[in-house]
Amino acid sequence: MEIVAEVNRITKSFDNREVLKGIDFKIEKGENLVVFGKSGSGKSVLIKCMAGLLSPDDGEVIMLGEKIADLETHELNIIRKRIGFLFQSGALYDSMTVRENLEFPLRDLNQSKKDEIDSLVVEALENVGLKDAIDKMPSELSGGMRKRIGLARTLILKPEIILYDEPTTGLDPITSKEISELILDIQKKYNAASVIITHDVECARITANRMVIIKEGVVVAAGTFQELSKSSDQWVRSFFS
Amino acid sequence: MAIELKIKVSAVSKAVGKPFENLYIKTLRGFFEEITRLTLFTFRFFKELVKPPYEVNEFLKQAYLIGYKSIPLVVITGFIMGLVLTIQSRPTLVEFGAESWLPAMVAISIIREIGPVITALIFAGKVGSGIGAELASMKATEQIDAMEVSGINPFKYLVVTRIAAATIMLPVLVILADAVSLYGAYVGVNLKGDVSFHLFFLEVFAKLSFTDVLPAIIKTFFFGFAVGSIGCYRGYHASQGTEGVGVASNAAVVQGSLTIFILDMVVVQITSLFI
Ligand SMILES: Nc1ncnc2c1ncn2[C@@H]1O[C@H](COP(=O)(O)OP(=O)(O)O)[C@@H](O)[C@H]1O
Ligand SMILES: [Mg+2]
């Protein structure tokens with residue numbers, strides 16, 4: 001299988017506090033990898049290192065065959081267009097309409113092809129089932145809708161790797177389930193590799209092909225959802241009960 | 001007893017004296033570090049300003065929001081400034097029998113000092129705090145990160161456009177405020193006297209020289225730049241979370257206003273060397 005992303009022994013500290021203490025994993029093409037851990041265990045820090053928003057103190061991140069730390073800004077920007085990132089809060093630009101939000105990542109592509117951009121926007125919104133929201137402002141949307149629009153914006157560049165930061169946190173169980181199923185649909189449709197950061201067992205059960213569990217900055221367990229839920233480790237099993 | 005007291009004193013001085021010294025040094029060091037970071041931030045502005053692609057649309061949008069949207073506020077305060085200054089100055093001039101100097105004296109005060117400084121302070125209160133709060137909340141809700149991961153340079157898109165718009169729009173607003181202020185002064189003169197519009201401006205322009213106007217306008221570019229860059233710096237480097245938004249917006253106003261006064265003092269010293 002083709003490896004699309006690798007995280008090799010990365011460490012990261014803030015003010016002498018070690019948040020990540022050497023995390024390792026690989027992601028294969030078309031796979032959904034769930035990274036599971038408690039709040040404050042450094043999951044967001046990890047995923048931000050993968051997107052090049054934070055630089056790890058040590059170790060390396062390889063995305064789509066490129067070492068992120070070695071790239072010049074413009075090279076990094078080219079790689080970033082091939083990686084999608086769904087933020088915990090959706091991170092919609094609140095001064096822009098939904099349409100403008102979706103057009104934003106396309107802005108340095110061919111500006112002239114207006115029709116093409118329009119059809120990409122509509123397609124992305126259809127994929128998340130929110131075509132009617134196209135002219136709304138983010139403040140008019142519910143939490144679940146914001147996540148979906150955020151996802152649509154992430155998908156508009158047809159990324160090869162998608163990083164999800166807690167896609168279901170803060171949503172009611174039914175909306176959570178819808179989002180989790182949407183993640184599965186996207187996996188099928190785009191054949192992208194995904195890293196799904198979560199502490200929601202239900203989301204992990206639905207989306208995971210494979211899971212890693214992190215605790216205090218290290219990977220403590222890895223395997224499929226089935227394997228981990230029957231783990232001999234009491235601590236690991238405690239998540240699934 | 002004496003020994004006991006001595007021990008107490010030394011204990012107290014240990015507890016109070018040492019941290020006290022450290023506090024001064026720490027505050028001072030913090031201050032210089034902050035100045036250094038702000039300076040680097042403005043260097044980065046100039047570096048990214050000249051590098052294509054240019055964010056023309058966003059710049060125009062910001063110029064509209066920062067400039068056009070401030071017009072009502074600037075017009076109202078400008079008018080009152082001119083009117084009140086005239087009313088307040090009249091008794092003193094009357095006492096010296098120099099009432100006819102009123103238009104020229106008020107005009108010079110407005111153009112040289114009061115117009116630029118008051119308008120810049122209002123600008124810091126409206127625009128500086130707005131920029132600080134907006135960028136800080138974009139940071140808190142990960143919108144700045146979102147721009148960065150979609151391969152768009154947020155510094156260029158958000159910061160460069162806002163600083164440039166503030167730098168260019170403040171002088172325009174000051175010129176407007178000056179004009180409205182002079183009209184306010186004209187109204188003020190006519191409250192208790194009778195000077196025609198034509199005569200009023202004839203007297204004003206007879207006394208005003210190029211050296212009154214030009215340095216006063218030039219310094220407003222610096223004021224605008226200061227308000228824009230401090231607002232952006234505060235917002236862009238705000239601490240995470242919603243309380244960071246209030247802190248950033250407040251600091252943008254306080255530090256922006258203080259910087260305006262300091263710059264004003266420096267500019268006055270420099271111009272007095274040459275003129
Ligand atoms: N930019 C930062 N500066 C300082 N500390 C940070 C920063 N980002 C995260 N941290 C700290 O790292 C720890 C892990 O945070 P995070 O990755 O957000 O956890 P989570 O697993 O809930 O996403 C937290 O204790 C947080 O305080
Ligand atoms: Mg998190």
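Lys43(A) and Glu166(A) are both buried, a term applied to residues under 20% relative accessible area, with exposed meaning over 50% and partly exposed the range in between (1.4 Å probe, protein chains only). These two residues of the predicted model form a salt bridge in which the closest N and O atoms are 3.4 Å apart; such a bridge is defined as a side-chain nitrogen of Lys or Arg within 4 Å of a carboxyl oxygen of Asp or Glu. Lys43(A) belongs to helix H1 (residues 43–50) of chain A, whereas Glu166(A) lies in the loop between strand E7 (161–165) and helix H6 (173–190) of chain A, so the pair ties together parts that are 123 residues apart in sequence. Helices (H or I, at least four residues) and strands (E, at least two) are DSSP runs, numbered from the N terminus. The model is predicted, and local features need pLDDT of at least 70, side-chain atom pairs count only at pLDDT 80 or more, and totals for chains, interfaces and linings use all residues; side-chain values use heavy atoms, with hydrogens and water left out. Residues are numbered from 1 along each chain as its sequence is written, and chains are lettered from A and ligands numbered from 1 in the order in which they are written.

Helix H1 of chain A is mostly covered, seven of its eight residues being buried. Among them are Val45(A), Leu46(A), Ile47(A) and Met50(A). Cys49(A) also counts as buried, at 1% relative accessibility. Gly52(A), which follows H1(A), has a positive phi near 75 degrees. Another cysteine, Cys203(A), is buried with a relative accessible area of 0%. Over all chains, the count of disulfides comes to zero, where a disulfide is a pair of cysteine sulfur atoms within 2.5 Å.

Lys48(A) and Glu142(B) are both buried, and their side chains meet in a salt bridge (3.5 Å, N to O). This pair crosses between chains, from helix H1 of chain A to the loop between helix H4 (102–140) and helix H5 (143–149) of chain B. Asn77(A), in helix H2 (residues 73–80) of chain A, is likewise in contact (heavy atoms within 4.5 Å) with residues of chain B, namely Glu148(B) and Gly151(B), when its neighbours within four places in sequence are left aside. The relative accessible area of Asn77(A) is 19%, and the residue is therefore buried.

In total, the structure holds 28 salt bridges over all chains. Within chain A, Arg99(A), Glu103(A), Lys114(A), Asp118(A) and Asp135(A) are linked in a network of such bridges. Within chain B, Asp212(B) pairs with Arg112(B), the closest N and O atoms being 2.6 Å apart. Asp212(B) lies in helix H8 and Arg112(B) in helix H4 of chain B, so parts 100 residues apart in sequence are tied together. Asp212(B) is buried, with a relative accessible area of 8%, whereas Arg112(B) is partly exposed at 40%.

Helix H8 (residues 210–236) of chain B comprises 27 residues and reaches 39 Å from its first C-alpha to its last, close to the 39 Å expected, a span given by 1.5 Å times one less than the number of residues. Of the 27 residues of H8(B), 20 are buried. Phe274(B), by contrast, is exposed, with a relative accessible area of 69%, and is found in helix H9 (residues 243–274) of chain B.
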